[in-house]
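Please read them with the structure open.

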Amino acid sequence: TALPILIASTISPARKMTEILCKWLNDDVRLSAVVDPSTFVRDFANGYLIGELLHRHRLQDDFEQFSRGSSSESKLNNFTRLEPVLKLLGVPFNTNMAREVMMERHGAATRLMYQLFVSLNNSGDGKLTHQSLEAMKTAGKTRFEAVESD
């Protein structure tokens, strides 16, 4: 006898995570655009909404220089501006990750936004500000210069 094929009606873990992130971004953060699981990868592909999220947490002080456009130049501008802040937050981010998000690769935006969610929620009740990031940058630069002069 043949075994019946069961069709799973459960939502995949990746889809569930995307839904949780959408709820956070729409209900708690209240970005300028409503994000939806079905358009999540496209919504974050140019980096604008990531910049807006960081700006709302007072971490992206050059947000007025971000572009809503979808051209390669707009994406490069936005992700170049995001990179230092993401690195200082401890979010794993490099050119490969940026490329995956920009090219709308499945799961890339969700992974990046999850890391950002964790980082922002573990930053001492959201008290991490651009000023504290600047202090971290200065301390890192001072340590680098000390090593460089040895």
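1. In this predicted model, helix H1 gives the largest share of the lining of the largest pocket, namely 3 residues. Both H1 (13-29) and H2 supply at least two residues of that lining, and the volume of the pocket comes to about 190 Å³.

2. The residues that line the largest pocket are Ser12, Ala14, Arg15, Thr18, Pro37, Ser38, Thr39, Phe40, Val41, His106, Gly107 and Thr110. By class, the lining of this pocket divides into 7 polar, 4 nonpolar and 1 charged.

3. Phe40, one of the residues lining the largest pocket, also takes part in ring pairing, and the structure holds 5 aromatic pairs. The ring centres of Phe40 and Phe44 lie 4.8 Å apart with the planes at 50°, so this pair counts as tilted, the class between the limits of 30 and 60 degrees. Phe40 and Phe44 both belong to helix H2 (residues 40-44), where they are 4 residues apart, about one turn of the helix, and both are buried.

4. How are the rings of Phe79 and Phe93 arranged? Their centres are 6.2 Å apart and their planes lie at 10°, so the pair is stacked. This pair links distant parts of the chain, with Phe79 in helix H4 (residues 72-88) and Phe93 in the loop between H4 and helix H5 (95-102), 14 residues apart. Phe79 and Phe93 are both buried.

5. A further point concerns a cluster of rings, in which Tyr48, Phe63 and Phe66 are linked by ring pairs.

Notes
Residues numbered from 1 in each chain as written. Predicted model: local features only at pLDDT ≥ 70, side-chain atom pairs only at ≥ 80, totals over all residues. Heavy atoms only, no water. Phe/Tyr/Trp six-rings, centres within 6.5 Å; stacked < 30°, edge-to-face > 60°. Buried < 20%, exposed > 50% of the residue type's maximum accessible area, 1.4 Å probe, protein only. 1 Å grid on protein atoms, 1.4 Å probe; cavity = no way out; pocket = protein on both sides within 12 Å on 5 of 7 lines; lining within 4 Å. Points joined across faces, edges and corners; volume = space filled by probe spheres on them. Nonpolar A, V, L, I, M, F, W, Y, C, P; charged D, E, K, R; others polar.
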